[in-house]
Amino acid sequence: MPPADTATDGWIRIAAIADLDRPRPLIPVTLQGRRLVLFRDEEGQLGLIGRHCPHRGADLCYGRLEDNGLRCPFHGWHFDRTGQCVEQPAEPEGSRMHEQIRVPMVPVREENGAIWAQVGVELEQAAASEQEA
Ligand code: FES
């Protein structure tokens with residue numbers, strides 16, 4: 001097991017799995033100077049996504065974990081674990097504007113009691129790759 005916060009094969013330890021073992025499984029993470037938020041969704045999957053809402057810049061660390069994602073505390077834009085915006089409550093019904101909106105994401109995995117984030121990957125590219133898969 002490498003020391004905490006040491007990159008190994010492009011992955012860096014960002015937290016212990018136990019750090020998310022709480023009623024609200026969400027913590028802020030700074031990775032290579034990028035401010036991110038790590039959370040576990042209702043399917044038990046991890047998301048590591050940009051911390052600032054692309055609407056008005058609200059801090060998503062104060063968002064609500066609901067509907068299998070993270071909802072911005074200001075105006076309710078809702079993001080899934082890939083960083084994709086999946087809902088904008090103030091938009092007219094049927095609007096597809098949200099499909100063009102996403103926050104950066106970083107691939108994560110759980111191993112040996114820790115949560116690891118992939119480094120050296122452009123965050124937006126990672127998001128695009130996730131979407132294409
Ligand atoms: S600042 Fe996030 S939805 Fe408006």
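**Strands 2 and 3**

I began with strand 2 (residues 26-31) and strand 3 (residues 34-40), which are joined by 6 bridges and run antiparallel. The model I am reading is a predicted one. I then checked what lies between the two strands and found 2 residues, so I noted the pair as a hairpin. Gln32 sits in the turn, with a positive phi of about 50°.

**The whole chain**

I next looked at the protein as a whole. I noted 10 strands and 1 helix.

Which strands make up the open sheet, and in what order? I found 3 strands in the order 1-10-9, with antiparallel pairing. Strand 1 (11-16) and strand 9 (108-111) are at the edges; each has a single partner strand, so one side of each has no neighbour in the sheet. Neighbouring strands here are turned by 35° against each other on average, ignoring direction.

I then followed the pairing of strand 1 with strand 10 (residues 114-118). These two pair in the antiparallel sense over 5 bridges. For Arg13, the bridge partner in strand 10 is Trp116.

**The nonpolar core**

I moved on to the largest nonpolar core, which has 25 residues. Which residues touch the most other members of this core? My entry reads Ile14, Leu38 and Leu48. The elements giving two or more residues to the core are strand 1, strand 3, strand 4 (46-50) and strand 10. Strand 3 gives the largest share, 4 residues.

Leaving out residues up to four places away in sequence, Ile14 touches Val29, Leu31, Leu38, Ile115, Trp116 and Ala117.

**Totals**

Of its 133 residues, 31% are buried. Among contacts between residues at least 6 apart in sequence, 39% join residues at least 24 apart. One contact list in my notes, that of Ile14, includes Ile115 and Ala117.

Methods: Residues numbered from 1 in each chain as written. Predicted model: local features only at pLDDT ≥ 70, side-chain atom pairs only at ≥ 80, totals over all residues. Axes fitted to C-alpha atoms, helices over the stretch in contact; angles between N-to-C directions. Buried ≥ 20, exposed ≤ 12 C-beta atoms within 10 Å, placed from the backbone. Contact = placed C-beta atoms within 7 Å. Core = buried A, V, L, I, M, F, W, Y, C linked by C-beta atoms within 7 Å.
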